[in-house]
Amino acid sequence: MTIGQRIRRLRLEHGLSQEELGAKVGLQKAAINKYETGTVVNLKPAIVEGLAKALHTTPAYLMGWEDPFDGLPHSSPGDGYAPHRGDGQSRLGRRCGARI
């Protein structure tokens, strides 16, 4: 999963439009779109930090350096996992009633 895919996935999970996420981090909607589509892949550290804060995750997760499941394979779209939801539960955990 790319940084753009992680940004998009978390943005949608938080119910934010590209414009709303951009407003939270001081960016235009077009910039968020470029990050999500992979047009721009070398994001400045300050931007990654701002996006991580707005999306309730860590810069390391957005960059793909951190596995949210401590040793489990990275999730892929449609597998039922939703890392870093911000409420301590993944979709899988919510289905099972477990806190992750």
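This is a short chat about a predicted model of one protein chain.

Me: How confident is the predictor in this chain, on average?
Reply: The protein chain averages a pLDDT of 78, and 66% of the residues score at least 70, where pLDDT is the predictor's confidence in each residue, from 0 to 100. Because the model is predicted, local features need pLDDT of at least 70 and side-chain atom pairs count only at 80 or more, while totals for chains, interfaces and linings use all residues. Residues are numbered from 1 along each chain as its sequence is written, and side-chain values use heavy atoms, leaving out hydrogens and water.

Me: And where does pLDDT stay under 50?
Reply: That happens over residues 70-100. Where pLDDT is low, the predicted coordinates should not be read in detail.

Me: New topic: which residues are buried in helix α4?
Reply: In α4, residues 45-54, the buried ones are Val48, Leu51, Ala52 and Ala54, with buried meaning under 20% relative accessible area and exposed over 50%, partly exposed in between (1.4 Å probe, protein chains only). Helices here are DSSP runs (H or I, at least four residues), numbered from the N terminus.

Me: Why do they line one face of the helix?
Reply: Seen down the axis of α4, the buried residues fall within an arc of 165°, so they line one face; the arc is that of the directions from the helix axis to the C-beta atoms.

Me: What's exposed on the other side?
Reply: Pro45, Ala46, Glu49 and Lys53 are exposed on the other side of α4.

How values were computed:
Contact = heavy atoms within 4.5 Å. Helix = DSSP H or I, 4+ residues; strand = E, 2+ residues; numbered from the N terminus.
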